[in-house]
Amino acid sequence: MLVLEGIERSFGGRRVLQDVGFTVQRGRLTGFVGGNGAGKTTTMRIVLGVLAADAGTVTLDGTPLDAGRRRRFGYMPEERGLYPKMKVAEQLTYLARLHGWDAEAAARRAGDLLERLGLAERAGDPVETLSLGNQQRAQIAAALVHGPEVLVLDEPFSGLDPLAVDVVLGVLSDTAASGVPVLFSSHQLDLVERLCDDMVIIAGGRIRAAGAREELRERYGTRRHELVAAGDVGWLRQVPGVRVESFSGGSALFEADEATAQEVLRTALARGPVTTFAPVVPTLGEIFREVVAGPQDAGSDLGTGPAPDGTAAPVRPSLQEVSR
């Protein structure tokens with residue numbers, strides 16, 4: 001597994017990553033979530049060795065990474081990185097050969113990936129003639145063509161329609177199932193919630209939460225329940241320990257601890273038929289708000305200006321930033 005511990009990075013006097021640490025397990029898709037400038041791309045570049053950390057370690061299966069090990073990683077940057085006038089299949093074959101594959105095996109691998117990603121019919125076309133969505137698929141193929149030991153993808157689903165998302169997800173899931181740690185960044189919370197096994201939330205250069213998706217829902221989600229009964233449930237407003245979020249006649253959404261919620265159910269049943277009583281599972285967006293919008297450390301020197309490597313430095317998170 002890929003493990004980051006205590007990663008620090010500053011540009012000049014501006015600290016952009018502070019004590020960043022998380023794990024990317026083999027066999028699982030890990031979503032790396034944060035707003036623009038939160039520190040996602042800088043963290044990924046440190047994993048890849050493009051940037052050096054000021055402090056901290058990145059290890060794979062307990063061994064510190066060196067240049068040779070990192071050459072076996074697969075990386076898809078957010079920016080377009082393929083040769084626009086080169087044919088798609090030729091380019092993938094060329095990239096595989098740069099990693100030591102022989103010509104026949106490289107061509108076969110390129111063809112297989114293009115087939116799986118729905119690009120077989122465009123194999124002989126220059127990259128620049130592809131739609132943006134198909135260029136994105138070609139970039140994903142380029143990150144996979146050499147059979148990487150670790151896969152790191154920066155916004156891989158950007159510009160993809162729902163059908164393309166499903167195709168790409170199938171390929172990435174197969175890659176993870178083969179034992180490759182897969183880390184992908186995104187600001188599309190609904191997609192990450194649907195696609196990933198584990199999540200890492202970063203804001204202001206710090207990890208705010210990390211773990212399995214369901215574990216995070218349990219840890220950070222508010223204890224909300226939905227109640228739908230035959231009669232009016234306005235009495236719910238008077239129950240100690242209950243905070244009603246929404247109410248309409250015989251239905252209500254409320255927040256309460258488990259003991260109080262069970263008391264509500266007993267009271268509702270005593271008053272008449274109950275058609276629905278169930279916990280409401282928080283969405284990733286709600287967890288993000290809960291985690292990111294909390295109090296920030298006073299005196300933090302995390303900045304807001306652009307970093308020297310061209311990435312935007314993180315800004316202080318707020319409720320307004322959740323949709324970035």
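Me: In the hairpin of β1 and β2, which residue in the turn has a positive phi, and of about what value?
Reply: This is a predicted model. Strands β1 and β2 form a hairpin, with two residues between them.

Me: How many bridges join β1 to β2, and how many join β1 to β4?
Reply: Strand β1 spans residues 2-11 and runs antiparallel to β4, residues 55-60. Strand β2, residues 14-24, also runs antiparallel to β1. Ser10 has Arg15 as its bridge partner in β2, and Leu2 stands opposite Leu60 in β4. The count is seven bridges to β2 and five to β4.

Me: What is the strand order of the open sheet, and which are its edge strands?
Reply: The sheet has six strands with mixed pairing, in the order β6-β7-β8-β3-β9-β10. An edge strand pairs on one side only, and that holds for β6 (73-76) and β10 (206-212). Neighbouring strands are turned against each other by 15° on average, direction ignored. The edges, then, are β6 and β10.

Me: Do β7 and β8 run parallel or antiparallel?
Reply: Strands pair through backbone hydrogen bonds, in either sense. Here four bridges join β7 (residues 150-154) to β8 (residues 182-186). One partner pair is Val152 with Leu183. The two strands run parallel.

Me: Which strands does α5 touch, and at about what angle to β6?
Reply: Helix α5 packs on the sheet. Its contacts there are with β6 and β7. Its direction makes an angle with that of β6 of about 165°.

Me: At what angle to β9 does α10 run?
Reply: Helix α10 covers residues 284-292. It lies across β3, β9 (198-203) and β10. Its angle to β9 is about 40°.

Me: Against which helices do the buried residues of α3 pack?
Reply: Helix α3 covers residues 88-98, and its buried residues are Val88, Gln91, Leu92, Thr93, Leu95 and Ala96. In an α-helix, residues three or four places apart point the same way. Just after α3, Gly100 takes a positive phi of about 100°. The buried residues pack against α4 (103-116) and α5 (132-144).

Me: Is Ala38 buried or exposed?
Reply: Ala38 lies in the loop between β3 (29-33) and α1 (40-48). Its relative accessible area is 2%. The cut-off for burial is under 20%, so Ala38 is buried.

Me: How far apart in space are Ala38 and Ile201, C-alpha to C-alpha?
Reply: In sequence, Ala38 and Ile201 are 163 residues apart. In space, their C-alpha to C-alpha distance is 9.3 Å.

Notes. Residues are numbered from 1 along each chain as its sequence is written. This is a predicted model: local features need pLDDT of at least 70, side-chain atom pairs count only at pLDDT 80 or more; totals for chains, interfaces and linings use all residues. Side-chain values use heavy atoms; hydrogens and water are left out. Buried means under 20% relative accessible area, exposed over 50%, partly exposed in between (1.4 Å probe, protein chains only). Two strands pair if DSSP finds at least two bridges between them. Contact means heavy atoms within 4.5 Å. Axes are lines fitted to C-alpha atoms, for helices over the stretch in contact, and angles run from 0 to 180 degrees between N-to-C directions.
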